[in-house]
Amino acid sequence: MGLGYQSSRAGALVGGFMLLFSVFLPGLFSHLGHASPSTFSEWNTPKPRHSRLLKSALQRQSPKPDQSDLWAPLTDEGWRPCVDSSKDSSLPGESEGYIQVFLDGGLNQQRMGICDAVAVAKFLNATLVIPHLEINPVWKDSSSFVDIFDVDHFINVLKDDISIVKELPAEFSWSTREYYATAIRVTRVKTAPVHASAKWYLDNVLPVLQSYGIAAIAPFSHRLAFENLPDEIQRLRCKVNFQALTFVPHIRALGDALISRLRYPSNRKDSKEANYLSLTTDTNVQGPMKFVVLHLRFDKDMAAHSACDFGGGKAEKLALAKYRQVLWQGRVLNSQFTDEELRSQGRCPLTPEEIGLLLAALGFDNNTRLYLASHKVYGGVARISTLRSLFPLMEDKKSLTSGNELAQIKGKASLLAAVDYYVSMHSDIFISASPGNMHNAIVGHRTYENLKTIRPNMALLGQLFMNKSIIWSDFQQATVEGHLNRQGQIRLRKPKQSIYTYPAPDCVCHA
């Protein structure tokens, strides 16, 4: 998820004062602790941190004809998906028993857990029960597997690889989450180490299956290694991720509607009228427009955990310090470094202003259709205002839909993320403002499909943004040169790296 002494000492002093203030002046922190992401913009509106660059970016011209490669698809380098494991795969004659897994985290972390569960069931010759998705403690989303993914498609795609059941037979109906929460149970496996080997499962889980006919593994997230597994298992993991896991029809339908409205925007200014939805899906008005998806993860958790300074003043610094203390008891690795050190190492997420300047420097003009994939942005509307000034045609789920369309997924973080994921996979270009599970999942999936994906050079940008005297032409040249080879070109997976982020060479093979 040397530099030492002075920074640590300063951090300790701040933490000490903060705790004293929280005891003697609880009213101060009660306001901060329950603040919405937009609260701080109300009493200390974040101002542009890079005014000089912003002014030049706002005056930029449309791309020149020789910049047409900006939207050009990736060059075909001869890489092809190679995940058809069913050709040399067969179901075991008799299953060893049932495997249950309980998955925590957000949508994309759970997605990886589902892929790993299929792999474990495969080499244990077990029958997989459709995975149970835990309620996320942050987003409070109770969406189940069948609420998010097309379960029949999932089972059908994998029918030649493993046996899958939607629910346990009556004789095992006692094996529930509640059952395992009330006492120690012999059928629960809770000692799986992070990135466990196949041998660990054969030594520790198979005996449980053979003795009781069922094994429930919890926790399970990140519990399967990426190394020393047969090619068949690696390709099966990719087959699950890139072929078997498709979203339920109503998510795909809503995603298709958003994509259509991005490619064929309405000419009408009053987009909230009742007939707006039909107008924005009229594909006969003009040819399809290209669009960029920007995944902007800039929520309070991200801002606090980064320990970076985002220009919100003392109130924001104090609020984020309090938040770190409450959530992580102050144990945040980045806290021992200064803001300058973090930025020079590329460890600060890009703000909406900074990601806007990056896109502008790469050549995207103010006519660019930009879809914002995000949940809540820390700092609210005020924080996004500079990005919107650079890209006035920026849209999101709310601006492109009616209240009725969003009603089915409102308040459900996993379903909202699923819509963003779907739109991201159908965009001409994808870019993320910071690393994370969503970034990693989509980068891997778009690599698999050979789609253009810009990966910000965080260390370079951190250094450029710290140079307050840099002029626009120099910033633009350095940015363009620093991103020439960061647009989706194949990167071979290194030891211990995730197969879901780096599918080559395990699942994407050179022809």
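Student: How many residues in the lining of the largest cavity are nonpolar, polar and charged?
Tutor: Five are nonpolar, three polar and four charged (Ala, Val, Leu, Ile, Met, Phe, Trp, Tyr, Cys and Pro are nonpolar; Asp, Glu, Lys and Arg charged; the others polar). A cavity is a set of points on a 1 Å grid where a 1.4 Å probe fits but cannot get out, and lining residues have an atom within 4 Å of a point. The model is predicted: local features need pLDDT of at least 70 and side-chain atom pairs 80 or more, while totals for chains, interfaces and linings use all residues. Numbering starts from 1 along each chain, and side-chain values use heavy atoms, without hydrogens or water.

Student: Which residues line the largest cavity?
Tutor: Among them are Pro46, Lys47, Pro48, Arg49, Phe310 and Thr351. Others include Pro352, Glu353, Ala382, Arg383, Ser385 and Thr386.

Student: New topic. How many disulfides are there?
Tutor: Three in the whole structure, counting cysteine sulfur pairs within 2.5 Å. They join Cys82 to Cys509, Cys238 to Cys507 and Cys308 to Cys348. With bonded cysteines counted along the chain, the pattern is 1-6, 2-5, 3-4.

Student: Why is the link of Cys238 and Cys507 called right-handed?
Tutor: Because the torsion about its S-S bond is about 75°. The link of Cys82 and Cys509 is right-handed too, at 70°, whereas Cys308 and Cys348 form a left-handed one at -95°.

Student: Are Cys238 and Cys507 buried or exposed?
Tutor: Both are buried, that is, under 20% relative accessible area with a 1.4 Å probe, protein chains only. Cys308 is buried at 6%, and Cys348 at 7%.

Student: Which cysteine is in no disulfide?
Tutor: Cys115; the nearest cysteine sulfur, on Cys238, is 8.1 Å away. Cys115 is buried, at 0%.

How values were computed: 1 Å grid on protein atoms, 1.4 Å probe; cavity = no way out; pocket = protein on both sides within 12 Å on 5 of 7 lines; lining within 4 Å. Buried < 20%, exposed > 50% of the residue type's maximum accessible area, 1.4 Å probe, protein only.
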